[in-house]
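The following paragraphs lead the reader through the pockets of a model and then to its surface. Please keep the structure in view while reading.

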Amino acid sequence: MAEQRKNKFYWTEGVTRKEVEAALSADKHPALYRRSVRRTIVAIYAALIVLLFFAPSIGTEKVTSYISAIAGAILLALFFTLRFSVRLIADAPTELLDERLIAIRDRTYLSAYRWLSFVVGIVVGVGIARDFSFGADHWENVIVAFIMLIAGLPSMILAWQLPSEES
């Protein structure tokens, strides 16, 4: 039973106890813990979300499918890199964090939901202005872009705000 508890999986957060504990004490990739590197990852992640959103406007259907597939694959890789660069703080359950990290995580989620509201408002505004005349393929890209934004936004904000860690 103790072994099962040690490797407990937190379904709503998508992490395991062992994974969070390892991330909080990791020092394998010190470059990922520098603010400039994290901000670069955030900027690339945001640019890829925008690219995914506007991919159908770029060219033919074949070009759009290639752009969407490549952007989606890179986004997925950057999502895990981003989570690792902030030591899974945004995704860790409360019982695995101390009071300081809980406060940081909670402030991050407040900012994330505010930014998400802003982005949704813009997209809905654009949709109304265009009379929701996106093509069927475009809505698939919008949905994937939103899923990646929703999943990554807390870690993006945390990565942007956290200071560099000293090695």
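The largest pocket of this predicted model has a volume of about 550 Å³. Of its 21 lining residues, Ala 46, Ile 49, Val 50, Val 119 and Leu 149 are the closest to the centre. A pocket is an open set of points on a 1 Å grid over the protein atoms alone, where a 1.4 Å probe fits, with protein on both sides within 12 Å along at least five of seven lines; lining residues have an atom within 4 Å of a point. Helix 6 (136-161) is among the contributors of at least two residues, as are helix 3 (35-54) and helix 5, and helix 6 gives the most, with nine. By class, this lining has 20 nonpolar residues, one polar and no charged.

The second largest pocket has a volume of about 330 Å³. Its lining comprises 18 residues, with Asp 91, Tyr 109, Ile 150, Ala 151 and Pro 154 nearest the centre. Here helix 4 (61-85), helix 5 and helix 6 each supply at least two residues. This lining divides into twelve nonpolar, two polar and four charged residues.

Helix 5 (residues 99-129) also holds Val 126. Because its relative accessibility is 35%, Val 126 counts as partly exposed, a class between buried (under 20% relative accessible area) and exposed (over 50%), with a 1.4 Å probe and protein chains only.

Residues are numbered from 1 along each chain as its sequence is written. In this predicted model, local features need pLDDT of at least 70, side-chain atom pairs count only at pLDDT 80 or more, and totals for chains, interfaces and linings use all residues, while side-chain values use heavy atoms, without hydrogens and water.

Key
Helix = DSSP H or I, 4+ residues; strand = E, 2+ residues; numbered from the N terminus. Points joined across faces, edges and corners; volume = space filled by probe spheres on them. Nonpolar A, V, L, I, M, F, W, Y, C, P; charged D, E, K, R; others polar.
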